[in-house]
Amino acid sequence: MSERKRLHPITCITNVLKQIRGMIIPLIGIFMIGHKSDSDADWISLITTGVAIIIVLFSGIAKWLRFTYRIEEGELRIEYGLFVKKKRYIPLERIQSLSFSEGILHRPFGLVKVVVETASSNLHEAEAELTAIKRSDAADLEKKINASKGKQEIMEEEMKEKEIQHYHITSKELLIMSATSGGIGVIFSAILAFLSQLDNLIPYKKLFNEAGALIQGGIFFVISMIFLGLLIAWVISVLITFLKYSDFTVSEIEKDIIISRGLLEKRKITIPLNRIQAIRVSENPIRGLLGYTSVFIESAGGNVEDKERRNILLLPMVKKESFAELLHRFLKDYHFSVKFKKPPLQARVNYLMREIIKVAPIIVILIIIFKTYGLFSLFLLLYPIIIGHFRYHSSGWHIYEQQLTLRYRVFLKHSIYMRKNRIQSLEASSTWFQKRKQLSSIHSTVKSTGLGMKTNVRYLSESDVESIFKWYFPK
């Protein structure tokens, strides 16, 4: 039995910051309304904002004082609650994994954030979260959990000797990954959303009037400003990706995979090998041209609010010709060197028509409205023809002993490697048009964070789908 412990006082700051982040939009709204109105309303908005901040500060301190944890009788016992005291008892043997992270506020004080997950963790939150505890306390908790599962206690020196490092991102790979990340659209949207909230601080009318005079002088100014905005968003996206995935390492200790990464915020995720449900290899078109791909893990458990757990990145950047050999070192049950069987030739038209139908209504509307000039919208057909062509050639399937591999393309090309005993359901479907060509679609589901991961491969031949079902249901 251990004594009751409180989280580090830095938790007060994190609690306050978390609540203020959720209130930032209403507070800006109150401030803007008061600023646009008379002086009395301005004072009311300031008082309201001040009272809200005081309440947040009080609740942050009160939550810290009310939160305690301890290990007693083989259980992690947590007591918390501001007005209603709540108790949560988690048997140590039920804890499947611990995730550690060190933010900017944690590292100067030698602290770590611990997320506790069990097989029955809530979809929207972890089983328990210790926001800020000492590294020694986190290590002690991990040792007691391992001891409860019958694992032999291993000293830190022995742990380093047993740890096998399989992957470490190189500077070249990190640079390519940062430069080709897809976060530019999100960053650009965030910048626009932020600027839209500052209409009282930035003289937009004056700026627009001056910009209008420049625009009249030529379209070059407009193109330059758009290019500059996208360039700034791209630089921010590159910087964020670089800081997030710097020092990305994949190691193996006994039957656990350890993923660690981050420069400012260090994070370590432990994934038991027996929780892996499927392996997903995703190829970005730009990275694919450079010969790189990314590998993800579909793992059971976790909560949907944690983006890291929802989409566990195993290998952020790896050469296409070498990922199979690298993965086989610690995922020996999987076979990654497969030759996919493509959909039949008659399915090509189905892939093309499926994409053309999505664009056809837009083209018809533009022709009706603009008549002759609307005929230029026929060039829009190039997109569905190109994407349909690539989706047809990317799709495929393969069976090797107890493994089913399915491949498909949305924008990225995904290859899903699934063990037979991990597949929760397998379905087939076919429309009237597919039946005429003896085509069918296959749908598989494996357990994953949230409601599961579903894989769809369309327009396979009926004989191929029948072969997959005979493999899955041998009787």
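Which residues does leucine 327 touch, not counting residues up to four places away in sequence? In this predicted model, Leucine 327 touches Ile279, Val295, Leu314, Leu315 and Phe336.

That takes us to the cores. Leu327 is among the residues with the most contacts inside the largest nonpolar core, together with Ile279, Leu314 and Leu331. This core has 36 residues. At least two residues each come from α5 (171-179), β9 (256-261), β10 (266-272), β11 (276-283), β12 (292-299), β13 (312-319) and α11 (323-328). The most come from β13, which gives 6 residues. There is also a second, separate core of 22 residues, and Leu7, Tyr69, Ile95 and Leu130 are included in it. As background, nonpolar side chains in soluble globular proteins tend to be buried together.

Now the sheet. It is open and has 7 strands, in the order β6-β5-β4-β10-β9-β8-β7, with antiparallel pairing. At its edges are β6 (128-134) and β7 (164-168), each pairing on one side only. From one strand to the next, the twist averages 20 degrees.

Strand β5, residues 111-118, pairs with β6 in the antiparallel sense over 5 bridges. Valine 112 has isoleucine 133 in β6 as its bridge partner. Packed on the sheet is helix α3, residues 135-148, which touches β4 (95-102), β5 and β6. The direction of α3 makes about 130 degrees with that of β6.

Last, a loop residue. Serine 337 sits between α11 and α12 (347-370). Is serine 337 buried or exposed? Its relative accessible area is 55%, over the 50% cut-off, so serine 337 counts as exposed. From phenylalanine 323 it is 14 residues away in sequence and 9.5 Å away in space, C-alpha to C-alpha.

Notes:
Residues numbered from 1 in each chain as written. Predicted model: local features only at pLDDT ≥ 70, side-chain atom pairs only at ≥ 80, totals over all residues. Heavy atoms only, no water. Core = buried A, V, L, I, M, F, W, Y, C linked by side-chain atoms within 4.5 Å. Buried < 20%, exposed > 50% of the residue type's maximum accessible area, 1.4 Å probe, protein only. Helix = DSSP H or I, 4+ residues; strand = E, 2+ residues; numbered from the N terminus. Contact = heavy atoms within 4.5 Å. Pairing = 2+ DSSP bridges. Axes fitted to C-alpha atoms, helices over the stretch in contact; angles between N-to-C directions.
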